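Subject: Structure handover

Hello,

Here is the structure for you to look over. My notes on what turned up follow below.

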Amino acid sequence: DEFCYTRVYHYRLVAALMMEGFLPIATEGVILPKLHRKRCVVSLPEALHVSKSIRKKSKKFRFTTNQCFDRVVEGCRRQHGSRCWLYPELVRLFKEIHDAGQVNAIVNPRANMTKVEEAPVRLYSIEVWNDETEELVAGELGYTVGDIYTSLTGFSAQDSAGSVQLASLGGLLCKLGFTLWDLGMD
């Protein structure tokens, strides 16, 4: 219905699926690209309003990107269960895309295309740290294609850390000129 599957594990295939709007999830031995019929997609303004309470709560946290991919994956597994869709084979491909900085995915050809077009796909780890304890307390994995950011999965291990992570990420996406934030499911 919303899924297809493949047993082919290759970072270029995963990047191409991301470019086409699929959420590449997995089960043991199989990638299950999912294309939600309904999605929560937010149009990003030029500047994001952050409530006074979130700004106040954010003072005890620090926001980073791409500092500890492996620990964000572990946080997601801890929160969602060790048998969640982040199977080692798929995580390895995500890490390849992440470590490469970007992977160019070939755009599906149209009849009037005169040359091959590519779209850069980038995978990110987003981190929120408790400033006092220096512990990783929230994070997510997500990817970009053009000016669209898609959230894959995330975790929160401390009160307010998840809200601060979402507000901080939203602010960063606005500042960098992203126009859409795809939160995945409806």
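Arg 77 and Glu 74 both sit in helix 3, three residues apart, about one turn of the helix. Helices here are DSSP runs of H or I with at least four residues, strands are E runs of at least two, and both are numbered from the N terminus. The two side chains form a salt bridge, with the closest N and O atoms 3.0 Å apart. A salt bridge needs a side-chain nitrogen of Lys or Arg within 4 Å of a carboxyl oxygen of Asp or Glu. Arg 77 is buried, at 17% relative accessible area. Glu 74 is partly exposed, at 39%. The cut-offs are under 20% for buried and over 50% for exposed, with partly exposed in between (1.4 Å probe, protein chains only).

A word on conventions. This is a predicted model, so local features need pLDDT of at least 70 and side-chain atom pairs count only at pLDDT 80 or more, while totals for chains, interfaces and linings use all residues. Residues are numbered from 1 along each chain as its sequence is written, and side-chain values use heavy atoms, with hydrogens and water left out.

Back to the charges. The structure holds seven salt bridges. One of them joins Asp 131 to Arg 62, with the closest N and O atoms 3.8 Å apart. Asp 131 lies in the loop between strand 6 and strand 7, and Arg 62 lies in strand 4 (residues 61-65), so the pair ties together parts that are 69 residues apart in sequence. Asp 131 is partly exposed at 40%. Arg 62 is partly exposed too, at 38%.

Lys 95 and Asp 70 also meet in a salt bridge, at 3.8 Å from N to O. This pair links distant parts of the chain: Lys 95 is in helix 4, Asp 70 is in helix 3, and they are 25 residues apart. Lys 95 is partly exposed at 27%, and Asp 70 is partly exposed at 43%. Asp 99 comes in as well: Asp 70, Lys 95 and Asp 99 are linked in a network of salt bridges.

Next, the nonpolar side. A nonpolar core is a set of buried Ala, Val, Leu, Ile, Met, Phe, Trp, Tyr and Cys residues joined through side-chain atoms within 4.5 Å. The largest one has 36 residues. Val 14, Met 18, Leu 86, Leu 90, Phe 94, Leu 141 and Leu 152 touch the most other members. Elements that give two or more residues to this core include helix 1 (11-19), helix 3 (69-80), strand 6 (118-130) and strand 8 (148-156). Helix 4 gives the most, with five residues.

Met 18 is worth a look. Leaving out residues up to four places away in sequence, Met 18 touches Pro 24, Phe 94, Val 121, Leu 123, Tyr 143, Val 145 and Leu 152. Contact means heavy atoms within 4.5 Å. A second, separate core has nine residues, among them Val 50, Phe 61, Ala 138 and Ala 167.

Best wishes
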